[in-house]
Amino acid sequence: MTIKQEIKEEAKIFFLKNKNNILEIRGESMYPALKEGWSAEISPTNEKDLKIGDIIVFEMKQELAVHRVIGKFYRNGRTYFLQRGDKKSAPCFIESGRIIGRVSRVFDSGNREILPKVWKSPVKT
């Protein structure tokens, strides 16, 4: 493991352990499933447990992004996920190592939990 990979792994562990696993939703890429100002609880995950339709948090351009998994494939011994926002953003492939976690619970701006059937429903393409 390189120093960069070690730092990234430490940052992931720090986020999941020290921020109460809560991430505020910003932007509209996941609308209508997730709305700006809502918050999401992030749980650790691994590439084997992720399924089509799961909402993931991943590193993109040194920021965190929240999108839905719409595909998965393997190439040269690595796992890649096709992801995109529910608001019909362009799909993009990411390597599994960039994934921080999976959204496990969602809360509205009044801190009331949103039922999974509202935000877990898969995207219609």
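Two strands pair if DSSP finds at least two bridges between them. Helices (H or I, at least four residues) and strands (E, at least two) are themselves DSSP runs, numbered from the N terminus. The close-ups here come from a predicted model, in which local features need pLDDT of at least 70, side-chain atom pairs count only at pLDDT 80 or more, and totals for chains, interfaces and linings use all residues. Residues are numbered from 1 along each chain as its sequence is written, and side-chain values use heavy atoms, with hydrogens and water left out.

**View A. Strand 3 and its two antiparallel partners.**
Strand 3 (residues 55-60) runs antiparallel to strand 4, joined by 6 bridges. Look for Glu-59, whose bridge partner in strand 4 is Leu-64. The hairpin of these strands has 2 residues between them, and Lys-61 takes a positive phi near 55 degrees there. Strand 3 is also antiparallel to strand 7, with 3 bridges; here Ile-56 stands opposite Arg-102 of strand 7.

**View B. The second largest pocket.**
This pocket has a volume of about 260 Å³. Its lining counts 13 residues, and the closest to the centre are Glu-24, Arg-26, Leu-64, Ala-65 and Val-66. Strand 1 (22-24) and strand 4 (63-75) are the elements that give two or more residues to the lining, and strand 4 gives the most, with 4 residues. By class, the lining has 7 nonpolar, 3 polar and 3 charged residues. (Ala, Val, Leu, Ile, Met, Phe, Trp, Tyr, Cys and Pro count as nonpolar, Asp, Glu, Lys and Arg as charged, and the others, Gly among them, as polar.) A pocket is an open set of points on a 1 Å grid over the protein atoms alone, where a 1.4 Å probe fits, with protein on both sides within 12 Å along at least five of seven lines; lining residues have an atom within 4 Å of a point. Grid points are joined across faces, edges and corners, and the volume is the space filled by probe spheres set on them.

Most residues other than glycine have a negative phi, and most peptide bonds are trans. The bond from Tyr-31 to Pro-32 is cis, with omega near 10 degrees, and Pro-32 sits in the loop between strand 1 and strand 2 (39-43). Asn-76, in the loop between strand 4 and strand 5 (78-84), has a positive phi near 50 degrees. At 74% relative accessibility, Asn-76 counts as exposed (over 50% relative accessible area, 1.4 Å probe, protein chains only). Asn-111, in the loop between strand 7 (99-107) and strand 8 (113-114), has a positive phi near 65 degrees and is exposed at 58%.

Key
Buried means under 20% relative accessible area, exposed over 50%, partly exposed in between (1.4 Å probe, protein chains only).
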